[in-house]
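Morning, everyone. I'll walk through one model today, from the overall fold down to single side-chain pairs. Have a look at it first.

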Amino acid sequence: EDVEKKRLSIYQTIKAYWDSHSNTLEDGISWCGRLDKFFIPYHKDGLPTVVSPEAVDRFCAAETLEEQREVLQQLPMNDIGELTRQYLSKKNVAKHGRSEAQYKFLEQPADDVSTIYWKQMCRVCHDVPVKDNFYLSWFLRGSRGFDPNIKPNYAPPYLTRDGFNKLKVSELHYYKLVDYIIKS
């Protein structure tokens with residue numbers, strides 16, 4: 001009985017929170033974190049100034065590494081690199097994306113972090129298959145690349161229909177979590 005009252009109280013608290021934050025759900029909960037919000041201007045406003053969304057889509061749709069590299073050669077990599085290095089500068093990331101304190105663990109000078117990010121991005125774009133790589137697709141295209149009805153599906157597995165259905169089946173884990181919270 002007491003557990004049911006606590007469970008109801010937790011539910012009411014959660015419901016009140018999400019009822020007052022419905023815009024977060026409507027915009028997509030996957031994109032509401034600080035770092036996620038940080039990247040939105042990059043792929044929404046910045047990247048389209050140096051490369052067309054259609055060219056980015058062609059890159060993201062490449063079926064093979066060879067095709068991916070061919071598309072990559074046609075992109076204005078110097079311009080993309082300059083934009084990316086500016087956007088991922090220590091100052092900009094610390095102000096909008098991540099805490100500056102995280103830089104103390106870098107082996108390289110923190111001032112050079114944007115170059116490190118850019119080199120890593122180039123390596124990934126050249127050597128890692130982009131097909132079904134929802135992280136890279138989201139970084140380059142944002143939610144514009146997400147459509148659960150198409151393949152390749154540029155979405156995290158938990159946002160696909162199959163993934164959602166698997167999560168629905170695991171409802172039992174939710175109740176175990178609630179019981180754990182109540183008992184703690």
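Start with burial: of the 184 residues in the chain, 32% are buried. Keep in mind that this is a predicted model.

Now the fold. How many helices and strands does the chain have? Eleven helices and zero strands. Read from the N terminus, the elements go α-α-α-α-α-α-α-α-α-α-α. Next, contacts. Take those in the chain with a separation of 6 or more: 63% of them join residues 24 or more positions apart.

Let's go inside. There is one cavity of 30 Å³ or more. The space in this largest cavity comes to about 110 Å³. Its lining counts 13 residues, and the closest to the centre are Leu75, Ile80, Met121, Cys125 and Leu140.

Helix 8 gives the largest share, with four residues.

On to salt bridges. The count is six. I'll show three of them.

One is Lys6 with Asp2. Their closest N and O atoms are 4.0 Å apart. The cut-off is within 4 Å, so look at that distance with the limit in mind. Both residues sit in helix 1 (residues 2-20); they are separated by about one helical turn because they are four residues apart. Lys6 is partly exposed, at 36% relative accessibility.

Another pair is in helix 6 (residues 77-87). Arg85 bridges to Glu82, with 3.7 Å between the closest N and O atoms. The spacing is three residues, about one turn of the helix.

Where do the partners sit in the chain? Asp127 belongs to helix 8 (residues 113-127) and Arg69 to helix 5 (residues 65-74). They are 58 residues apart, and the pair links distant parts of the chain. Asp127 has 37% relative accessible area, which makes it partly exposed. Arg69 is partly exposed too, at 27%. Recall that helix 8 also provides four residues of the cavity lining.

Last topic: aromatics. Two values describe a pair of aromatic rings, the distance of the centres and the angle of the planes. How many aromatic pairs does the structure hold? Seven. Take Tyr17 and Trp18. Their ring centres are 4.9 Å apart, and the planes make an angle of 85°. Edge-to-face means over 60 degrees, so this pair falls in that class. As for accessibility, Tyr17 is partly exposed at 42%. Trp18 is partly exposed at 27%.

There is also an aromatic cluster. Which residues form it? Phe38, Phe39, Tyr42, Tyr87, Trp138 and Phe139.

To recap. The chain has eleven helices and zero strands.

Key:
Residues numbered from 1 in each chain as written. Predicted model: local features only at pLDDT ≥ 70, side-chain atom pairs only at ≥ 80, totals over all residues. Heavy atoms only, no water. Phe/Tyr/Trp six-rings, centres within 6.5 Å; stacked < 30°, edge-to-face > 60°. Buried < 20%, exposed > 50% of the residue type's maximum accessible area, 1.4 Å probe, protein only. Salt bridge = Lys/Arg side-chain N within 4 Å of Asp/Glu carboxyl O. Helix = DSSP H or I, 4+ residues; strand = E, 2+ residues; numbered from the N terminus. 1 Å grid on protein atoms, 1.4 Å probe; cavity = no way out; pocket = protein on both sides within 12 Å on 5 of 7 lines; lining within 4 Å. Points joined across faces, edges and corners; volume = space filled by probe spheres on them. Contact = heavy atoms within 4.5 Å.
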